[in-house]
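This report walks through one structure, element by element. Please keep the sequence and the 3D view open while reading.

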Amino acid sequence: MQTKVTIVGSGNVGATTAHWIAAKELADVVLVDIIEGVPQGKGLDLLQAMPVEKRDARIVGTQDYAQTANSDIAILTAGVPRKPGMSRDDLLNINYNIMKDVVGKVVQYSPNCILIVVANPLDAMAQTAYKLSGFPRERVIGMAGILDSARFRAFIAMELNVSVENINAFVLGGHGDTMVPLPRYSTVAGIPVTELIEKDKLDKIVQRTRDGGAEIVKYLKSGSAYYAPSAAVAEMVEAIFKDKKKILPCAAYLQGEYGVHGLFVGVPVKLGAKGIEQIIEIKLTPEEQAAFNKSAAAVKELVTVINV
Ligand SMILES: NC(=O)c1ccc[n+]([C@@H]2O[C@H](COP(=O)([O-])OP(=O)(O)OC[C@H]3O[C@@H](n4cnc5c(N)ncnc54)[C@H](O)[C@@H]3O)[C@@H](O)[C@H]2O)c1
């Protein structure tokens, strides 16, 4: 194929992202992981699914970044999950060091690629990738808002017993406990959701959305969600390769938008061939803006710890 995607980190999110990308025939995929054999094995397995699926995507796995050369998009999922006894700052420092290791290598071989950051803590890792890559902000995008919005949409569809296709929803802010679901901008076939679901129920859905990641971690016991996160990444890849100019909530480096300077926070962006082609500023009520500011402050705290 003419398009090439590198996925760094071939664990649950990385490998499943490769699956969606290959199944949609969006690009050839290079899987990278620090564990020898894992990207090779998963890559070969996925490649062998292609004749069944009648897709011509080529998938390889490697430890050698030379094979990632000239990728159009690089997806950064390498990281460790939080383990018992590990503080948030411990995790932040470990994943920061992993990000430092991988960004340099990716950029060396694919200086013109678009970086999609997935590793957590998301906004701080996106900021790390942005600062270390030296890329313009258009080419460094964090994935979180699409996932958080998809969870919100799924819960709204369940509540109303309607097709998920009818539902549009926005979740802004940092990816974490302070995320800002926006019921006012969420609609069902164009009808504001606030007119269809009473406030009490909607508040519960909003809270379940905020806790969406934790709910799955609790079920899985080890590891975290990966089907929906990887589907969200694939939507970004598709919007970029097909130059769709799709408006999606993503983490972007703000330079004054929403009153935030020099920080990655989730906002609606227009995604096309050049990456982030526009940051869309929507009007927030004072309450929503306050929640957004609180969320940005939480991101600021993290990036101060790692000094990026
Ligand atoms: N942004 C989001 O909304 C979102 C959603 C889900 C998961 N995540 C995050 O994505 C990351 C990956 O999640 P996962 O479930 O795939 O975890 P995972 O443990 O299944 O996979 C992570 C992989 O990264 C690899 N890795 C570690 N250090 C590396 C390095 N230096 N170079 C290359 N590979 C390296 C590991 O060997 C492992 O295979 C985590 O940080 C997780 O918290 C983010």
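In which sense do E7 and strand E10 pair, and over how many bridges? The model is predicted. In it, E7 and E10 (residues 187-188) pair in the antiparallel sense. Two bridges link them. Thr187 in E10 is the bridge partner of Asn168.

These strands belong to an open sheet of three strands, in the order E7-E10-E11. The pairing is antiparallel. E7 (167-168) and E11 (191-192) each have a single partner strand, so one side of each is left without a neighbour in the sheet. Strands of a sheet pair through backbone hydrogen bonds.

## The ligand shell

There are 23 residues around the ligand. Asn12, Val13, Asp33, Val118 and Met143 come nearest. By class, the shell has 14 nonpolar, seven polar and two charged residues.

A backbone N or O atom of Asn12 lies 2.9 Å from a ligand oxygen atom. For Ile34, a backbone N or O atom is 3.3 Å from a ligand nitrogen atom. Asp101 uses its side chain: a polar atom there lies 3.1 Å from a nitrogen atom of the ligand. On its own, the ligand has 870 Å² of accessible area, and the protein covers 87% of this. Two elements give two or more residues to the shell: helix H1 (12-23) and helix H4 (88-109). H4 gives the most, with three residues.

## Backbone exceptions

Most residues other than glycine have a negative phi, and most peptide bonds are trans. Pro121 sits in the loop between strand E5 (114-117) and helix H5 (122-133).

## Aromatic rings

How many aromatic pairs does a search of the whole structure find? The search finds five. Tyr130, Tyr253 and Phe264 form one aromatic cluster. A pair of aromatic rings is described by the distance of the centres and the angle of the planes.

A charge also meets a ring. Arg139 lies over the face of Phe135, at 4.2 Å from the ring centre.

Methods. Residues are numbered from 1 along each chain as its sequence is written. This is a predicted model: local features need pLDDT of at least 70, side-chain atom pairs count only at pLDDT 80 or more; totals for chains, interfaces and linings use all residues. Side-chain values use heavy atoms; hydrogens and water are left out. Rings of Phe, Tyr and Trp (its six-membered ring) pair if their centres lie within 6.5 Å; planes under 30 degrees apart count as stacked, over 60 as edge-to-face and the rest as tilted. A charge sits over a ring if NZ of Lys or CZ of Arg is within 6 Å of the ring centre and within 35 degrees of the ring normal. A residue is near a molecule or strand if one of its heavy atoms lies within 4 Å of it. A polar contact is a pair of N or O atoms within 3.5 Å; within protein, one must be able to donate a hydrogen and the other to accept it, and residues adjacent in sequence count only if both atoms are side-chain atoms. Accessible areas come from the Shrake-Rupley method with a 1.4 Å probe; for residues, only the protein chains shown count as cover. Helices (H or I, at least four residues) and strands (E, at least two) are DSSP runs, numbered from the N terminus. Ala, Val, Leu, Ile, Met, Phe, Trp, Tyr, Cys and Pro count as nonpolar, Asp, Glu, Lys and Arg as charged, and the others, Gly among them, as polar. Two strands pair if DSSP finds at least two bridges between them.
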